[in-house]
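Hi there,

Here is the structure I promised to pass on. Have a look at it first, then read my notes below.

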Amino acid sequence: MTGTLLKVEGLETGYGDIQVVWRADLEVRQGAITALIGSNGAGKTTLLRALSGLLPLRNGAIFVSGRDLAGASPQQFVEHGVAHVPEGRRLITGLSVHDNLMLGAYRRKDGKQAIRADLERMYALFPRLAERRRQDATTMSGGEQQMCAIARGLMAAPGLLLIDELSLGLAPAIVDQLVTTLERVRADGTSILLVEQDVGIALELADFVYVMDQGRTVRNGPADEIAADPSIIAAYMGT
Amino acid sequence: ANAKDSVVIGAPLPVTGALSPEGTKLRQGYELWREQVNAAGGVKVGDRRLKVDLRYYDYQSQTPRAIQVAEKLITDDKVDFLFSPFGSGATKAASAVAEKAGVPMIASSASSKEVFDQGYKNLFGVYTDNSTFSEPLADLVKAKLPNARRVAILARNDLYPLSLANEFEKSAKKRGFDVVFFEKYAIGTLDHASALTQLRAAKPDWIVATGYINDLITIRKQAADLKVGGEAFTLINGPAYQEWISAVGPLAENVTTASWFHPVARYSSDDVFGSSAKFVELFKAKYGSEPDFTQASGSAVGVVLQQAIERAGSLDRDKVRAELKKGGFKTFFGPISFSDIGIADSYVPPVLQIQDGKVQVVAPAEIATSTFRTGLK
Amino acid sequence: MLWLQVLVNGLAVGGLYACIAVGFSLVWGVLNIINILHGSLIVLGGYLAFFAHQYWGINPFLFAPLAGAVMFAGGVALQYCVINHVMARPFLITLLLTFGLNLFLDNSMLALFSADYRKVLLNPAPGVFDLGSIVVPADRIYATLVGLVLISALALLLRFTQFGRAIIAVRMDRDAAALLGVNVRWTYAVAFGLGVFMAGSAGALLSAIFPISPVASAGYLSKAFVICVIGGLGSIPGAVIGGFALGVIESFGALLLGPEHALTLAFVLLIALLAVRPSGLLGRQGFA
Amino acid sequence: MMLRIALPLALPFAIVAVAFVLLSQTDAYIIRLATTFGMYAALALAWNIIGGIAGYPSFATAAFFGLGAYVTAVAQNLGAPLLVGVGLAGAGAALFAGLLGSAILHLRGKYFAIASLVIAEVLRELTNSWTSVTGGGMGINLPLAKTTLLTQPQLYLAAMLFLAAAATSASMLIDRSRLGVALRCIAQNEDAAQIIGVDTRMAKTWAFVISSLFIGLVGGVYASWVTYIDPTDVYDGAMSVKPILMALLGGVGSVFGPVLGAFAYLLLEELLWRNLLEFHAGILGLLVVLLVLFLPGGLSQIRGVGLVSLPKIWRRAP
Amino acid sequence: MTALLELKGVTKRFRGLEALSDINLSLKSGEIVGLIGPNGAGKTTLVNVITGVHTADAGSITFNGAPIAHMRRDRIARLGVARTFQVVQPFPAMTVLENVTAAALFGGGAASIAEARDAAAHHLAFCGLTDQAGKPAANLTLAGRKRLELAKSLALRPKLLMLDEVNAGLNPAEVDAALELITRIAAQGATILLIEHLMKVVTRTARRLVVLHHGKLIADGPVASVLSDETVVEAYLGRRYAERMAGAGI
Ligand SMILES: Nc1ncnc2c1ncn2[C@@H]1O[C@H](COP(=O)(O)OP(=O)(O)OP(=O)(O)O)[C@@H](O)[C@H]1O
Ligand SMILES: Nc1ncnc2c1ncn2[C@@H]1O[C@H](COP(=O)(O)OP(=O)(O)OP(=O)(O)O)[C@@H](O)[C@H]1O
Ligand SMILES: [Mg+2]
Ligand SMILES: [Mg+2]
């Protein structure tokens with residue numbers, strides 16, 4: 001739990017003429033789960049898209065393990081160990097669960113053996129996927145798809161996993177299971193940057209929390225500190 | 001059209017599209033003629049000599065486009081005379097425009113009666129009627145193969161090839177043959193195996209297939225693949241082209257065909273070429289190959305028109321039309337006069353057969369270079 | 001016996017049809033491009049084989065993969081530099097682009113090679129396999145065999161390799177594919193290149209069987225089209241089945257209704273098939 | 001309220017009337033070009049109703065065009081006067097579209113495109129083989145129309161321009177009606193359209209029928225104009241592609257885009273064809289490529305073409 | 001009270017998988033029913049079968065006395081059955097206002113486009129989307145699109161409204177706002193079938209809960225009793241949730 005894996009400084013980005021993220025500063029430490037919370041439209045998804053090379057930067061810098069990746073392509077991000085589980089899951093229609101998982105390992109160069117082993121690890125982690133390995137991934141239910149998406153991200157053997165909307169549309173039991181799984185993933189050495197609407201879950205899971213509002217990272221702190229802040233509770237926790 | 005120093009002739013050409021091979025050939029014929037006339041000073045009109053000014057537009061092998069081109073040539077380019085588009089269908093359509101405007105149109109490549117029986121006064125074709133192919137061929141087969149009774153005909157479902165096939169059917173029946181197989185194939189057919197299999201089952205003695213070069217290349221090859229036999233094999237018009245012979249190679253042997261012109265022809269003429277032999281020589285010098293009948297017809301329409309203008313001594317369309325009607329043109333293509341409906345009826349087209357890799361004339365007897373052989377290799 | 005021969009005829013031409021259609025199916029299914037260029041590319045492959053045979057005496061059946069390989073490079077470049085720019089746009093736009101490219105390529109070939117029909121003349125002629133009352137042309141068998149080998153290789157590539165999965169991923173969701181580290185532009189380019197490869201080798205295989213001319217391209221295109229629909233878009237086994245099916249349908253159509261109606265029958269069946277099973281015999285959304 | 005209906009009804013016809021007066025005295029070739037323009041515009045507009053507004057990429061233009069042409073040809077040869085012949089062409093095409101629609105309009109996207117493309121092929125083959133009525137591969141001649149007021153060229157100029165105006169009016173009216181809203185919903189998300197209660201089958205069928213009505217009418221006028229038709233010509237696949245090209249050129253889905261596109265296309269085609277004997281089609285192809293690459297939204301991308309609304313529906317869904 | 005919607009023996013299969021088996025369910029006019037179940041239990045499929053997106057392989061569906069099992073989707077919609085999509089389905093290039101206008105025009109039975117637009121404006125205000133009215137739907141955030149779905153279904157003036165996870169993706173504070181919205185909709189008298197994984201939403205709005213598991217209806221009854229049902233906890237809620245609930249004293 002020492003080094004900085006990801007460092008974002010003064011990042012600005014948006015879509016075409018529309019600027020969405022006005023200033024984001026962020027740090028993800030090695031081996032930690034970092035959560036990013038904020039209201040709808042705050043720009044969380046947009047920030048993650050920039051952090052995996054899908055959106056060009058207008059300004060700012062992204063360092064992954066100390067290397068500047070500003071302006072890099074999505075492939076380069078993947079090659080440097082950043083995997084992104086996107087909002088809406090985005091599994092590939094027409095491919096089976098197995099094939100989707102294999103695609104997660106697209107940029108891996110450590111050989112068939114290692115990939116096979118990881119695949120089996122995923123099936124152990126998500127037995128549901130093992131049952132459905134031949135099914136077209138996008139005909140599964142929402143929760144099944146979310147598992148598949150996370151597993152696909154993990155198949156890249158990433159140092160950093162970006163997850164957008166972890167619990168979206170998942171049954172409580174599944175969410176519990178995912179929380180446990182992510183803790184195991186972290187224990188295996190993968191750091192996580194998590195965007196999560198269910199602030200309760202985010203605070204429970206994360207070590208460190210950033211709050212985003214209207215395109216800016218406005219607050220940060222250790223999870224327990226943020227969880228105790230009355231203004232945060234009022235704005236994001238509801239009754 | 002007074003005080004001009006050239007005679008303007010419009011020629012709709014299929015430069016692109018399905019007929020582009022034919023378009024290129026026609027144009028070669030036109031160009032050779034123009035070059036010769038202009039080298040000789042031009043067309044003699046009264047006491048002046050007018051250069052030939054040919055105007056081409058591409059009608060993209062589409063008949064409506066051909067009509068449009070004809071109209072454009074008449075109104076926009078103000079041509080004195082027209083050459084027809086290629087083939088029977090487009091000629092039939094474009095002739096209506098020429099007729100409306102009263103512009104004489106010489107048809108290079110239309111031979112189906114349906115084109116000429118519209119009662120038009122301005123259309124003249126240098127090809128003889130399709131029956132002039134079927135009749136001598138049927139005679140040959142009848143004479144050489146007295147025991148042959150069964151005829152099979154396979155025709156492309158298109159104006160000219162179909163009309164040709166109908167003539168063959170008539171000629172065959174007239175001589176007491178049984179037409180045991182008569183089928184049409186659709187334009188664009190890639191594979192003729194099924195038709196040929198049925199044809200084979202009909203056990204014909206004489207096989208006639210009509211179509212364009214590509215059809216006939218495929219048909220000849222597939223006939224061999226399916227071991228279609230027969231004592232006589234007539235394909236019209238492909239084998240009259242060197243292209244066809246090169247493409248089918250040894251399979252060309254003993255295939256018969258007919259065409260309105262062949263380099264072996266020996267006519268002497270009053271035109272710029274002076275004789276068939278001279279024409280062939282000039283053509284070879286310019287293009288490096290022997291002319292086939294389409295290329296020759298391109299020059300033929302030129303020389304016919306030229307002679308009519310020179311006789312009329314004027315570019316006046318009525319006078320030129322009257323001369324055309326009179327006929328009696330001695331050309332390298334053959335003696336040309338037109339029947340009442342405007343189709344040439346003054347020469348007998350040669351019947352050809354590929355023998356030992358060479359094209360031989362097997363009829364009419366006067367110009368024959370070899371005798372008709374039966375059987376198929 | 002007649003029926004048997006007709007069936008054999010249908011199968012014999014069906015193999016050629018399969019070769020014609022596979023590349024088209026691949027490009028349509030994977031890139032969602034109706035590649036109007038396809039017919040012209042087949043013709044171009046035919047010309048390559050023709051000249052290779054004329055100048056170096058290379059047998060077109062052996063030359064086919066080479067013709068495909070040469071054209072593959074061109075296809076990759078074309079996709080990378082030109083077509084990639086409009087990939088994100090509706091399929092009518094890409095259709096129009098290939099329509100324009102096709103006009104250009106067809107007319108370029110017309111200018112370069114003239115419209116004259118040519119054909120590779122094999123010496124000695126391949127002849128026929130004579131099975132008593134049934135004959136099968138040898139050249140069609142050779143062409144079909146070589147074609148099937150190439151098609152199988154392609155199918156295996158798509159089915160079992162990471163690249164094959166990547167192709168489907170970019171087809172279905174560019175952004176998601178990019179997130180997995182797939183180079184989208186490059187993948188498109190190679191996929192298109194593979195389609196061109198198949199077109200080129202099909203052209204070479206056909207060069208000894210059908211006459212070659214720029215004006216023949218539309219005929220190949222329309223065949224490819226029909227076959228893909230019968231077999232199912234984007235499915236390689238589908239294109240093979242579709243090819244054989246069309247060959248047999250046309251063959252029997254010609255026998256039962258007369259040759260002039262052979263195509264009509266195929267089209268009518270096609271519409272019927274579309275009405276009941278639009279995804280074709282083997283079609284499914286992804287890729288087989 | 002009245003204006004909303006009256007304007008689309010009156011404006012196109014007024015413009016066309018003026019155009020006719022100006023053009024009818026020019027030389028035959030200009031008249032022919034103008035007539036062709038009317039034809040192209042009407043076809044592009046008609047295609048746009050089903051292909052643009054409803055988003056059903058139809059390749060059946062050649063089918064209805066050819067059908068209209070043949071209906072007219074056969075009717076006129078049986079003695080029907082021009083107007084009746086052309087009317088029958090429209091009615092025949094519309095009726096056929098109605099029947100056909102129930103068979104193929106349930107297909108989506110490319111599948112519809114394919115099915116529609118095949119229709120022309122089938123009709124061509126049928127026309128080819130039904131020799132006793134259509135003349136088969138021999139083609140068919142049409143009698144010259146009897147006119148007193150106008151010359152032949154003027155008559156067809158008037159007819160084509162009229163059809164272009166009528167198609168414009170129809171497009172404008174559809175655009176403002178429930179049908180237009182329904183079609184735009186269908187174009188963007190047909191499943192969602194059904195769930196909000198759009199009778200998609202009805203709406204699509206109407207769009208198809210109206211579109212085909214105009215195409216059939218144009219085919220009928222065309223046949224009478226050229227006086228000779230054959231199957232290869234009137235069922236020519238290019239006839240299906242050109243209107244799409246024009247609509248895209250001008251801006252798909254907008255009302256005036258197709259008109260503008262038809263004009264631009266005709267201009268381009270004519271200029272190239274006139275000046276280049278050999279390679280005009282190749283250059284046209286190249287221009288299409290450049291257009292698609294650099295002006296993918298059609299001419300409306302060039303600012304200042306105020307008439308044309310941005311082709312909204314082609315914006316890509318995220 | 002008579003049943004508004006009545007399902008009898010409804011079964012739906014996808015290839016080998018039985019996504020719904022022999023479902024019997026009846027909804028009374030005006031009630032709010034929560035539908036819960038693990039992922040893949042068949043909840044969305046149930047909505048799809050009711051709205052005609054899928055056709056049931058067996059069984060009958062009656063709405064307001066009319067059999068609708070084989071009716072076309074648009075007719076079902078016009079009868080007053082509205083739904084939101086779990087995967088939102090806007091008309092992407094239309095503005096938010098145009099989206100809702102279309103719904104009011106067709107499903108809502110508006111007499112003219114102008115009238116539909118007025119109705120749409122009203123529904124947008126109701127759902128708090130007025131300031132987004134001019135935006136193309138494609139540019140909305142996920143939450144925005146979910147609200148748009150809601151506004152569109154309201155524009156159909158539904159008798160039965162099926163909400164498929166409209167609150168997914170909202171943070172707890174936003175969920176509170178949405179809850180309030182749903183309560184207001186319910187106050188207008190529509191029957192609501194609420195599919196939700198957020199227990200907070202379900203427990204605060206619904207009186208009755210229905211639980212699907214592997215395509216079978218495993219529980220149907222008052223909220224409290226269903227939530228304490230051992231099989232439901234086992235299949236759906238999970239131990240931790242049950243503990244949390246117990247801790248919160250529910
Ligand atoms: N493709 C796009 N084009 C233009 N604007 C967009 C696009 N996608 C999102 N936006 C805008 O960007 C802003 C931020 O959106 P973003 O999806 O990043 O928010 P978010 O924090 O992830 O919200 P949520 O919690 O709803 O997922 C919103 O105002 C949205 O309207
Ligand atoms: N079109 C389809 N083809 C094949 N299987 C399908 C299809 N639609 C759904 N399924 C399967 O049916 C089952 C039920 O799916 P459904 O979407 O109804 O679940 P759900 O209860 O809505 O789940 P969630 O809470 O995750 O949304 C799942 O296993 C899914 O994989
Ligand atoms: Mg988000
Ligand atoms: Mg669901």
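**What I found in chain B**

Chain B has 12 helices and 16 strands; helices (H or I, at least four residues) and strands (E, at least two) are DSSP runs, numbered from the N terminus. Before you go further: this is a predicted model, where local features need pLDDT of at least 70, side-chain atom pairs count only at pLDDT 80 or more, and totals for chains, interfaces and linings use all residues. Residues are numbered from 1 along each chain as its sequence is written, chains are lettered from A and ligands numbered from 1 in the order in which they are written, and side-chain values use heavy atoms, with hydrogens and water left out.

Let's take the overall build. Along the principal axes, the C-alpha atoms of chain B fill a box of roughly 65 × 40 × 35 Å. Of the 377 residues in chain B, 68% are buried, meaning under 20% relative accessible area (1.4 Å probe, protein chains only).

Now for a sheet. In chain B, 7 strands form an open sheet with mixed pairing, in the order β2-β3-β1-β4-β5-β6-β14; two strands pair if DSSP finds at least two bridges between them. At the edges sit β2 (43–45) and β14 (343–344) of chain B, each pairing on one side only. Inside that order, β4 (residues 81–83) and β5 (residues 105–107) of chain B pair in the parallel sense over 2 bridges, and Leu82(B) has Met105(B) in β5(B) as its bridge partner. Helix α3 (residues 87–101) of chain B lies across β4, β5 and β6 (123–128) of chain B and runs at about 165 degrees to β5(B). Axes here are lines fitted to C-alpha atoms, for helices over the stretch in contact (heavy atoms within 4.5 Å), and angles run from 0 to 180 degrees between N-to-C directions.

Cheers

Note on methods:
Buried means under 20% relative accessible area, exposed over 50%, partly exposed in between (1.4 Å probe, protein chains only).
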